[in-house]
Amino acid sequence: MNPLISIIIPVYNTEKYIRRCVDSVIAQSYKDWELILVDDGSTDGSGKICDEYAVRYDKVFVWHTNNRGASHARNIGINHAKGELISFVDSDDWIVEQYVETLINVSENIDLVYFASNQIFENGDVINRIPKPEMIKGRVGIEQKLLSLKYGKIGDVFGWTWAKCFRKSIIEKYNIRFIENITFREDEIFTMDYCKYINSLIVIDKPLYCYRVRNDGLTAKGMAITDYINLADNIERNLVYFNNKEFIMREKVRVANYHIEAFWSRYRFWNVYSSMAEVHEFFKKKPEYKKYASNQNFVRIMSHSIIISGFLLRIHNLIGWLYNKV
């Protein structure tokens, strides 16, 4: 008989934390689960620790892969998951003893479960992220709730894959997977891809997950230039599936501003003309996004970027010619 829930943990160089994480799964009060550990090419002892658990427990499975990122590792976990439900845990975090029991009790005939979490900082501070509990059926109510989960008073809890529980049948029916060329907020895109197809949602206010906030974590390192563009493109492609006007407006603001942020992240004197031209081209092709940009002055400047960038190109070439003459 297949387990009711598959817990997927991508693992990369977390030998300091992985035992507490896995032990929290082993200690679950409800035992109908499987644990899939995907070692993403760890160079420390993490992979060996995973193998130790697989030998000791017949419900723990390990897959080893070359280092290709958490999205790739999660996708491997999805491909091998046998449970009706799927949840994700990060290898430096842990879950409470009633995690599985609670999710199974509330998930009957529900497409997506959101739950509260505790964010634990290295100095011992704890932030409780507790959304308002609610059970919703129907797209209108769902989209309104998704808006509050993304832009509500407690902050953005919309995208975190570790703060929710998914149905494997929906993931497989629509071939939903993590986008592997995004390394920041990739979980948000997975959630958006999933939420396009749900008709029921429940939010519970019981903290089931303990999230360790690390100063050296990926989130602390910020976004790469390509992340801005890839994230903007993926947000934009999903908007046609949503009807809530405020949700769409707020997302378009993000798309416009991500394109501007990409410019500031990559612009240097020697490529400022090409960077300006790229931003100019985006707003030229999609003028409806101009009104959503937070920096309207910048957008107006970008409308003349071809002239400005051409001028800068000539200066750049002149400096290069003078340098070669010296």
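This is a predicted model: local features need pLDDT of at least 70, side-chain atom pairs count only at pLDDT 80 or more; totals for chains, interfaces and linings use all residues.
Residues are numbered from 1 along each chain as its sequence is written, and side-chain values use heavy atoms, without hydrogens and water. Local features need pLDDT of at least 70, side-chain atom pairs count only at pLDDT 80 or more, and totals for chains, interfaces and linings use all residues.

Q: How far does helix H9 reach from its first C-alpha to its last?
A: Helices are DSSP runs (H or I, at least four residues), numbered from the N terminus. H9 covers residues 225-238, 14 residues in total.

Q: At what angle do H7 and H9 pack?
A: H7 spans residues 186-195, and its axis lies 10 Å from that of H9. Axes are lines fitted to C-alpha atoms over the stretch in contact, with angles from 0 to 180 degrees between N-to-C directions. H7 is roughly parallel to H9 (under 35 degrees). The angle is about 10°.

Q: Which residues of H9 meet H7?
A: Contact means heavy atoms within 4.5 Å. From H7 come Glu188, Ile189, Met192 and Asp193. Their partners in H9 are Leu231, Asn234, Ile235, Arg237 and Asn238.

Q: How many disulfides does the structure hold?
A: A disulfide is a pair of cysteine sulfur atoms within 2.5 Å. The sulfur of cysteine 50 is 9.1 Å from the closest cysteine sulfur, in cysteine 21, so that pair is too far for a bond. The number of disulfides is zero.

Technical notes: Helices (H or I, at least four residues) and strands (E, at least two) are DSSP runs, numbered from the N terminus. The expected span of a helix is 1.5 Å times one less than its number of residues. Angles under 35 degrees count as roughly parallel, over 145 as roughly antiparallel, 65 to 115 as roughly perpendicular and the rest as oblique.
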